[in-house]
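Open the model in your viewer and keep the selection tool at hand. The stops below go from sheet to helices to single side chains.

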Amino acid sequence: MSKAVATSELLLSVRDLCIRFTNKNSESGFELKHIAFQLHRSETLGIVGESGSGKSITSLALMGLLKSIGAKIVGGSVDFHQNGKAIDLIKLDEQSYRKLRGAKISMIFQEPMTSLNPSLTCGFQVAEILKNHRTGQFDCKQKVLDLFRQVKLPRVEDIYQSYPHQLSGGQRQRVIIAIAIACNPDMIIADEPTTALDVTVQQAILELLKELQQQHQMGLIFISHDLGVIGQIADKVLVMQKGRVVEYGQVDEILNAPKENYTKALIACRPKLENNPRRLPTVESFEEGKPELEIVQASVPVIYDIPLLEINNLKTYFGSTSGFLRKHKEEVRAVDDVSFQVFKGETLGLVGESGCGKSTLGRSIVRLINPTSGQVIYKGREISKLSATELRALRKSMQIIFQDPFSSLNPRQTIGDLIMEPIRVHRTRKTKKAVTDYAEHLLVRVGLDKSHFYRYPHEFSGGQRQRIGIARALALQPEFIICDESVSALDVSVQAQVLNLLNDIKEEFKLTYIFISHDLTVVKYFSDRVAVMKNGRFEEINTADLIYANPQSAYTQKLIQANLG
């Protein structure tokens, strides 16, 4: 991806910025200290670090939105340069800031579904910012349609009248970008705009942002936890950890010759398509001075003989409506005549873009969704013919780990109760003490502490919640687990920890996995075989190494190319 050449015109200068959180008027908790960087016109600055490093807080400070999260600036300066004059953003009142937001400084947020108003059409929401900031006579609808074409949305007239839930994730992100560029701002802050997107959609969004930047000569601050993405788009990079700047400089210099262990760890903990280590390095291993992990004995080879799971001609169809008054019925073939086998001790990776049917297939296998037709045979028993009572008993052997642990964990239950609940329901432990002891054992086994037993899900980070989801899935000592996008929204460092954990417990508990992801790099690292899925069907299925070395499908080649950037 070609990068824009920055002009000498300075847009933003941040010096010695210090931010502190406040609680009931007393200063406490997390702090950002001595943040400093510059941004020039047509330049892209990448800000990278783990969750909690201070990336998003820095962006909110630039937008004047710290008050909404209970924080304040306690030192430093933020100079925004306009027409040869420097405006210290820290000293602006709210009314003055409103004139800048959207017009001169815009922001693209991570999750477009929460950024867009679900009760308003996409066209109305883009038109709203134009009416607020632009003066003079202009055709508002035509301008919105032109913006939709600029961000390469299809069927612009339809999308103008559509609501956010009717669009795909990539389309919603393009609507947010249209809002951001509507008033031709001088600077855009993109806060994790591609984190949860497919690699192909991510690549398209990155290319779009660079193209728009070159057209409008904007300064771009691109925030991410993935140095691979930063390497594709940024000219300079600022590495942050725990509210401090770790490294700052030209992106090529820092990626090719990082000075700090933290930066080295962020680069190393991302799986690589070219090699397949038994374990991934983590930030902790680098901080402890042990980046080279000892060789772990290879797992027992999978015996491709009698399948643990056999899928024959599985179909899962849904009915949908479209057209005027939504009377016209259409059939959505989410899973369309799929057949495959999974063998004991194997990890079968399932990869494809959003909407290809991966998650529907996983849910159909364990009958969270009832398939339309076909066979699901587990250890010789056809699941589709089991009664509710028989299926409930079988669920002890088959579990699922969901993508978003926060929505899959009951916020009203403590972590201990969440892990103990399936044990109590299935009565796999005889005494209350035995149930509690085993739940505490699982907490410790997934890398948490016994003291977490009485806490609630909202008190944990995303990576910790995912570990809780894993502990809950292990509670009934299953033989087979479906991991449905279970690491896709995690930082690369936390992702490495969870992948190592899943590998460890696979050996310890003798597990078999179906591992679902849109990221071929992660799937190749984690899987023995890989099935590539598109439009409800399998494009190809083969060993992970052969899929990468010799892809038979043009679609697989496209996925590999997107992963290579």
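What follows is a tour of selections, each with a note on what is there.

**Before you start.** This is a predicted model: local features need pLDDT of at least 70, side-chain atom pairs count only at pLDDT 80 or more, and totals for chains, interfaces and linings use all residues. Residues are numbered from 1 along each chain as its sequence is written, and side-chain values use heavy atoms, with hydrogens and water left out. Helices (H or I, at least four residues) and strands (E, at least two) are DSSP runs, numbered from the N terminus.

**Stop 1: the sheet.** Select the six strands of the open sheet, in the order β6-β7-β8-β3-β9-β10. Their pairing is mixed; two strands pair if DSSP finds at least two bridges between them. The twist averages 15 degrees from one strand to the next. Axes are lines fitted to C-alpha atoms, for helices over the stretch in contact, and angles run from 0 to 180 degrees between N-to-C directions.

Now colour β6 (105-108) and β10 (244-250). Each has a single partner strand, so one side of each is left without a neighbour in the sheet. Pick valine 239, and its bridge partner in β10 is glutamate 247.

**Stop 2: helices on the sheet.** Show α1 (residues 55-63). It packs on the sheet and touches β3 (44-48), β6, β7 (187-191), β8 (219-224) and β9; contact means heavy atoms within 4.5 Å. The direction of α1 makes about 150 degrees with that of β6. Next show α8, which touches β3, β6 and β8. The direction of α8 makes about 160 degrees with that of β8.

**Stop 3: α7 against α8.** Select residues 169-181 (α7) and 199-216 (α8). The axes come within 11 Å and cross at roughly 15 degrees. That makes α7 roughly parallel to α8 (angles under 35 degrees). Zoom in on Gly170, Gln173, Arg174, Ile177 and Ile181 of α7, which meet Val201, Ala204, Ile205, Leu208, Leu209 and Leu212 of α8.

**Stop 4: a hairpin.** Select β4 (residues 71-82) and β5 (residues 85-88), which run antiparallel and are joined by four bridges. Histidine 81 stands opposite alanine 86. Between the strands are two residues, and asparagine 83 takes a positive phi near 55 degrees.

**Stop 5: a salt bridge.** Finish at glutamate 94 and arginine 98, whose closest N and O atoms are 3.5 Å apart. They form a salt bridge (a side-chain nitrogen of Lys or Arg within 4 Å of a carboxyl oxygen of Asp or Glu). Glutamate 94 and arginine 98 are four residues apart in α2 (residues 94-100), separated by about one helical turn.

Terms used
Angles under 35 degrees count as roughly parallel, over 145 as roughly antiparallel, 65 to 115 as roughly perpendicular and the rest as oblique.
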